Amino acid sequence: MAKIKGAVVVNVERCKGCDLCVVACPTHVLALQPKEVNNRGYHFAYMQNPESCIACQSCALVCPDACIEVYRVQE
Amino acid sequence: MELNDIIKPENRVYQKPRLLNDNHMHYCPGCSHGVVHKIIAELIEEMGLEDKAIGIAPVGCAVFAYNYIDIDWIEAAHGRAPAIATAVKRLQPTKMVFTYQGDGDLAAIGTCETIHAANRGENIVIIFINNGIYGMTGGQMAPTTLLGMKTATTPYGRRVDLNGYPLRISELVAAVDGSCYVTRQSVHTPAAVRKAKSAIKKAFENSMAGKGTSLVEIVSTCNSGWKKSPADSNKWMVENMFAKYPMGDLKNV
Ligand SMILES: Cc1ncc(C[n+]2csc(CCOP(=O)(O)OP(=O)(O)O)c2C)c(N)n1
Ligand code: SF4
Ligand code: SF4
């Protein structure tokens, strides 16, 4: 069976660290940076568990600032 | 497979819509306004309405909507967006004219303009962001504020004897003969975002087809005004707002 591999790219400077993508992700890929912040002082989102991404786009759909690009490959 | 092999332009399945420009949106982190802006920008692009869409911006947190979506806009005085939209659509009937309004703008000072535009069956779309509060001015009670809900002007909670009942605008607009499509949606989950997008699409199509007034209410959060995190605001909205403002179509003719 074809396996889906996904990945997201977060626009770090646009991200406001609202956490809604983290909550929306069904496979717990995303987290907010615990220490690092962007130019505006926000703890931006990043892929903590990149291997679990299934490219479902849930995070991108709920993001209020359209910070997330989603990539999808069928292995 | 390495990330480098996945993150390539040919594998991209979702990105920021082109019409949502690179300006930093001033909304609080997690505010529903951003999600609705994003789906409006996507739809205008997908429906090829870039040169036809004219938005009427409100007074409220969305006052700068014209800075973020690259189409033609007019900024209305507080609550008057449906009156401006009426004029624009009558003068330029081939354009797709929509208003974007909060509940303080639409359901308080602008109730008259809203009901009468819908009753006249103006071929416009009204996008109504109902977050139950005046966000921009610091979280005062709106006509839509729930009973018991604490705001800056109802610090002990909204009371019927003092403040009256929460106003359900969509029910009022659905009741007048000029409206063709009235629906209540939300944008708190991926599925809800997809549904809200199809609802706004149908409304935009109605404006182009001259079917009458369409109103899409988006039950929204104002996490700053509600004094909760964005995720907790979504939960609170589902548990409290949805009882008074149930999801779904109220009218579709
Ligand atoms: C004529 C007039 N009256 C009052 C105001 C003050 N005012 C600015 S925004 C606003 C309400 C905003 O609330 P809402 O429409 O719900 O939008 P939100 O900020 O929650 O998105 C008010 C009362 C004004 N700008 N103009
Ligand atoms: S695309 Fe889906 S699986 Fe991947 S990070 Fe976003 S929500 Fe999680
Ligand atoms: S005050 Fe409320 S409505 Fe305004 S931007 Fe902040 S969260 Fe959004």
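This is a predicted model: local features need pLDDT of at least 70, side-chain atom pairs count only at pLDDT 80 or more; totals for chains, interfaces and linings use all residues.
Me: How many residues surround ligand 1, and which are the closest?

Reply: A residue is counted as near a molecule if one of its heavy atoms lies within 4 Å of it. Around ligand 1 there are 16 such residues, and B:His33, B:Asp103, B:Gly104, B:Asp105 and B:Gly135 are the closest. By class, six residues of this shell are nonpolar, eight are polar and two are charged.

Me: Which backbone atoms lie 2.8 Å from an oxygen atom of ligand 1?

Reply: A polar contact is a pair of N or O atoms within 3.5 Å. A polar backbone atom of B:Cys61 is 2.8 Å from an oxygen atom of ligand 1. The distance is also 2.8 Å for a polar backbone atom of B:Gly135, and a backbone N or O atom of B:Met136 lies 2.8 Å from an oxygen atom of the ligand.

Me: What share of ligand 1 does the protein bury?

Reply: Ligand 1 taken alone exposes 590 Å², and the protein buries 72% of that area. As for its location, ligand 1 sits in the largest pocket. Two elements of chain B, helix H4 (103-109) and strand E6 (133-134), each give two or more residues to the shell around this ligand. Helix H4(B) gives the most, with four residues.

Me: Where does ligand 3 sit, and which residues are around it?

Reply: Ligand 3 sits in the largest pocket. The residues around ligand 3 include B:Tyr27, B:Cys28, B:Cys31, B:His33, B:Cys61 and B:Gly135. Its shell divides into five nonpolar and five polar residues, with no charged ones.

Me: What kind of space does ligand 2 take, and which residues come nearest to it?

Reply: A cavity is a space in which a probe fits but from which it cannot get out, whereas a pocket is open. The space taken by ligand 2 is the second largest cavity. There are 14 residues around this ligand, of which A:Cys25, A:Cys53, A:Cys56, A:Gln57 and A:Cys59 come nearest. The shell of ligand 2 has 11 nonpolar residues, three polar residues and no charged residues.

Me: How many salt bridges are found over all chains?

Reply: A salt bridge requires a side-chain nitrogen of Lys or Arg within 4 Å of a carboxyl oxygen of Asp or Glu. The whole structure has 14 of them over all chains. One of these joins the side chains of A:Lys16 and A:Asp65, at 2.9 Å from N to O. The two residues are 49 residues apart, and the pair links distant parts of the chain. A:Lys16 belongs to the loop between strand E1 (4-10) and helix H1 (20-24) of chain A, and A:Asp65 to the loop between helix H2 (58-62) and strand E4 (68-74) of chain A.

Notes. Residues are numbered from 1 along each chain as its sequence is written. Chains are lettered from A and ligands numbered from 1 in the order in which they are written. Side-chain values use heavy atoms; hydrogens and water are left out. A polar contact is a pair of N or O atoms within 3.5 Å; within protein, one must be able to donate a hydrogen and the other to accept it, and residues adjacent in sequence count only if both atoms are side-chain atoms. Accessible areas come from the Shrake-Rupley method with a 1.4 Å probe; for residues, only the protein chains shown count as cover. On a 1 Å grid over the protein atoms alone, a cavity is a set of points where a 1.4 Å probe fits but cannot get out, and a pocket is an open set with protein on both sides within 12 Å along at least five of seven lines; lining residues have an atom within 4 Å of a point. A molecule sits in a cavity or pocket if more than half of its atoms lie within 2 Å of its grid points. Ala, Val, Leu, Ile, Met, Phe, Trp, Tyr, Cys and Pro count as nonpolar, Asp, Glu, Lys and Arg as charged, and the others, Gly among them, as polar.
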